Amino acid sequence: MPLQYMTSYADPALFDLPWSTPLEEWDDSHLAALPRGISRHIVRFVKLGRRIVAAKEIRDDVAVREYEMLRNLTRLGLPSVAPYGVVSGRATPEGEPLDAILLTDHLQFSLPYRALFSQRLQPDTVLRLLDALAVLLARLHLAGFWWGDVSLSNTLFRRDAGAFAAYLVDAETGQLFPSLSDGQRAHDLDIARVNIAGELMDLAAGGVIPDDADPIDISERILLRYAQLWEELTGLERFERGDRWRLEERVRRLNQLGFDVDEFEMSTDLDGASIQIQPKVVDAGHHRRRLLRLTGLDVHENQARRLLNDLDAFRAGAGRDHDAEELAAHDWMLRVYEPVVRNIPEELSAKLEDAQIFHEVLEHRWYLSERTGSDVTTQWAFADYLAHVLPDKPDEKSVVGVDTVEMPVVAMFPPDET
């Protein structure tokens, strides 16, 4: 049976690899010395021209299925390794059949959990890894993906400022549905809890994690973090007209959990409004690039995030979800942003840059709204800010806003209950 290549990119270097040899017997001239995680299959990192790919030896039908599943996850924009191809029809020179090999692109700057733990991580770092896995699992579930084998071993981690970003590696058991039931999600979580506890017990036996760290207790944290995320991501919130500050509060909580808001979906009834928010994690610099494209404002990333949140809330509150976002951005500039920055008194203009002043006005508006229990207009907040806040700031002072990069870390061990 001739070799069959199913690939997204036909590299001639594919033909130079020793497909008639079992993967575990490939010599070092074809392999890259990169840290590998634990797998039930033979996995190697292979040099393919100028790139490096991960090669996994599995049954032909399983390889094709996982390749297609990874293609679907990539198409949906979910954090996973990118599929490169499948080589099947393999056989030894003696004619003995060999399993197929699934090829995936090597995820640069990523590490398996064992490589991270070998660095003697601090206890709070262990929790950030679980936070990243909880974020990954919530994102997959939102997209209707049931993993079926959630574990640290099937995840790669990238450092992301003070936190970590997690990526799915193994989709062999996964299934895509239009949406997941509570039972399917609970099943995935139970698998995660059991697998992670076992992996941490193995590390504890090897003296890698502190003796007083309880693997079972730590593994339970993913259930807590996931539940917090899921509620913020999917919970319906009802509010009366004029309570837009509660919308801002919801976005703040999502930001603090490490999510950015992509769009708002709102529906109204006779009594008020129900709101659903569809958040996502975005790449570094995303907000700055998007704000520059929509408004021409070139500001810092956190400033851009805050301004875009207000722009999106303005668009949703005006019922313009179906309008081109460029048109809504133009109106937001005319009606909201420019009336503020144009009216900064000259004697106060050296205090802060325009975008930072506007950001602080939005913060001030939220605090005033929370205090009064109802919406405060941007104009009112601006007037109060000019009267009571800005004059007391020294010139050119840089004020750091709310940090929305790291997810808040829960305590590693619960307090004693008395």
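1. F15 is exposed, at 56% relative accessible area (exposed is over 50%, buried under 20%, partly exposed in between, with a 1.4 Å probe and protein chains only). F15 sits in the loop between β1 (4-7) and β2 (42-48), and together with L3 and Y5 it makes a nonpolar surface patch of about 280 Å². Patches here take residues with over 30% relative accessible area and no salt bridge, with nonpolar side chains joined within 5 Å and like charges within 9 Å.

2. Bear in mind that this is a predicted model: local features need pLDDT of at least 70, side-chain atom pairs count only at pLDDT 80 or more, and totals for chains, interfaces and linings use all residues. Residues are numbered from 1 along each chain, and side-chain values use heavy atoms, leaving out hydrogens and water.

3. On salt bridges (a Lys or Arg side-chain nitrogen within 4 Å of an Asp or Glu carboxyl oxygen), a search of the whole structure turns up 20. E325 and R315 pair at 3.9 Å, N to O. This pair links distant parts of the chain, with E325 in helix α9 and R315 in helix α8, 10 residues apart.

4. Two other pairs are worth a look. D61 meets R59 at 2.9 Å, N to O; D61 is partly exposed at 48%, and R59 is partly exposed at 48%. R342 meets E338 at 3.3 Å, N to O; R342 is exposed at 56%, while E338 is partly exposed at 25%.

5. Finally, I344, in the loop between α9 (325-341) and α10, is buried at 11% relative accessible area. The C-alpha atoms of I344 and D354 are 8.5 Å apart.

Technical notes: Areas by Shrake-Rupley, 256 points an atom, 1.4 Å probe, with all protein chains shown as cover. Helix = DSSP H or I, 4+ residues; strand = E, 2+ residues; numbered from the N terminus.
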